[in-house]
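Reader: I am new to this structure. Please pick one part and take me through it closely.

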Amino acid sequence: MRFLPAILLAWATCSGSGSAQVVAPLWTGPAPLSHGTTPKDIPTLTVFLPEKARAPASAIIICPGGGYAYLSIDTEGLNEARWFQHRGVAAFVLKYRLPVDGYRHPVPLLDVQRAIRLVRSRAADWNIDPAKTGVMGFSAGGHLASTVDTHFDAGNAAATDPVDRLSCRPAFAVLVYPVISMRDGFTHGGSRLNLLGPNPDTALVENLSNETQVTPQTPPTLLVFADDDKTVPPENSRLMYAALQKAGVSSALQEYPHGGHGFGFGPRQWNAPPGWLDRAYDWLKGQGLMP
């Protein structure tokens with residue numbers, strides 16, 4: 001099986017006012033549980049570093065949505081990354097492996113956990129603050145972000161790969177119109193079917209209904225959604241917020257009357273609630289997590 005070079009640098013200029021400096025694979029060889037070496041088998045981070053950051057920057061890893069069937073990479077990834085980049089924040093868009101390509105749970109979770117570890121391992125190279133490295137996720141990507149928000153570890157001190165010795169606990173999570181629950185009556189059926197298959201084990205459904213997995217150790221978490229979302233029930237966000245509040249976790253609801261589902265961010269997103277990303281940034285800044 002072909003191995004990728006230790007550091008693969010695929011330089012690319014992205015459209016818009018910001019640009020990515022590098023696309024980096026999450027692993028130097030085949031990713032765990034990989035089926036091959038085609039692009040769909042190689043999870044990556046597209047890196048947007050601020051141009052003139054003096055102090056180590058905050059960092060945010062963005063998980064696009066798409067029902068665990070595809071990745072809405074522009075309006076739920078690249079656009080937000082450029083926005084953060086211009087505010088002095090290092091942003092990373094995660095291309096995680098998808099169940100439709102044969103990668104059901106736990107593969108997407110392994111990818112986002114590795115992304116957090118990898119960013120922290122490159123802190124000196126990328127001039128970022130490991131203690132201010134968090135996640136943002138949209139829709140099914142919001143489920144993935146909420147999963148690492150509640151399913152993290154301190155790293156394996158005995159690992160041969162030094163990246164795996166680092167914690168994958170995010171410093172914060174921003175969950176935008178997220179799928180949170182896998183339970184009937186609350187979940188998004190397509191996301192659950194893709195991630196878990198047609199007849200998932202009851203214990204697995206419970207374990208990945210992330211509103212049931214919140215503890216006092218869950219990181220500060222912001223939830224953003226619109227009341228008129230007809231795709232993912234807004235109750236997902238409300239259940240998560242109630243669990244966070246019960247556990248004493250710093251958290252907030254950013255609730256809008258209109259916007260529907262998938263409003264994302266960008267000049268063509270006519271239905272996006274005005275200023276929602278500014279408000280999210282302000283909340284993170286108030287938590288001491290943004291410049």
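Author: Let us take helix H8, residues 276-286. Keep in mind that this is a predicted model. Start with the buried residues. In H8 they are Trp276, Leu277, Ala280, Tyr281, Trp283 and Leu284. Each of them has under 20% relative accessible area. Where do they sit around the axis? They cover an arc of only 160°, so they lie on the same side of H8. Now turn to the other side of the helix. There, Asp282 and Gly286 are exposed.

What do the buried residues of H8 pack against? One partner is a helix, H1 (74-85). The others are strands: S5 (128-138), S6 (173-176), S7 (221-226) and S8 (251-256). Follow the chain just past H8 and you reach Gly288. Its phi is positive, at about 80°.

For another view of helix packing, look at H2 and H4. H2 spans residues 107-121, and H4 spans residues 140-150. Their axes come within 10 Å and cross at roughly 65°. An angle of 65 to 115 degrees counts as roughly perpendicular, so H2 is roughly perpendicular to H4. The crossing is right-handed. Which residues meet there? From H2 come Pro108, Leu109, Val112, Gln113 and Ile116. From H4 come Leu144, Thr147 and Val148. By class, this contact has six nonpolar residues and two polar ones, with no charged residues.

Note on methods: Residues numbered from 1 in each chain as written. Predicted model: local features only at pLDDT ≥ 70, side-chain atom pairs only at ≥ 80, totals over all residues. Heavy atoms only, no water. Axes fitted to C-alpha atoms, helices over the stretch in contact; angles between N-to-C directions. Helix = DSSP H or I, 4+ residues; strand = E, 2+ residues; numbered from the N terminus. Parallel < 35°, antiparallel > 145°, perpendicular 65-115°, else oblique. Left-handed = near helix turned anticlockwise from the far one by under 90°. Contact = heavy atoms within 4.5 Å. Nonpolar A, V, L, I, M, F, W, Y, C, P; charged D, E, K, R; others polar. Buried < 20%, exposed > 50% of the residue type's maximum accessible area, 1.4 Å probe, protein only. Arc of directions from axis to C-beta.
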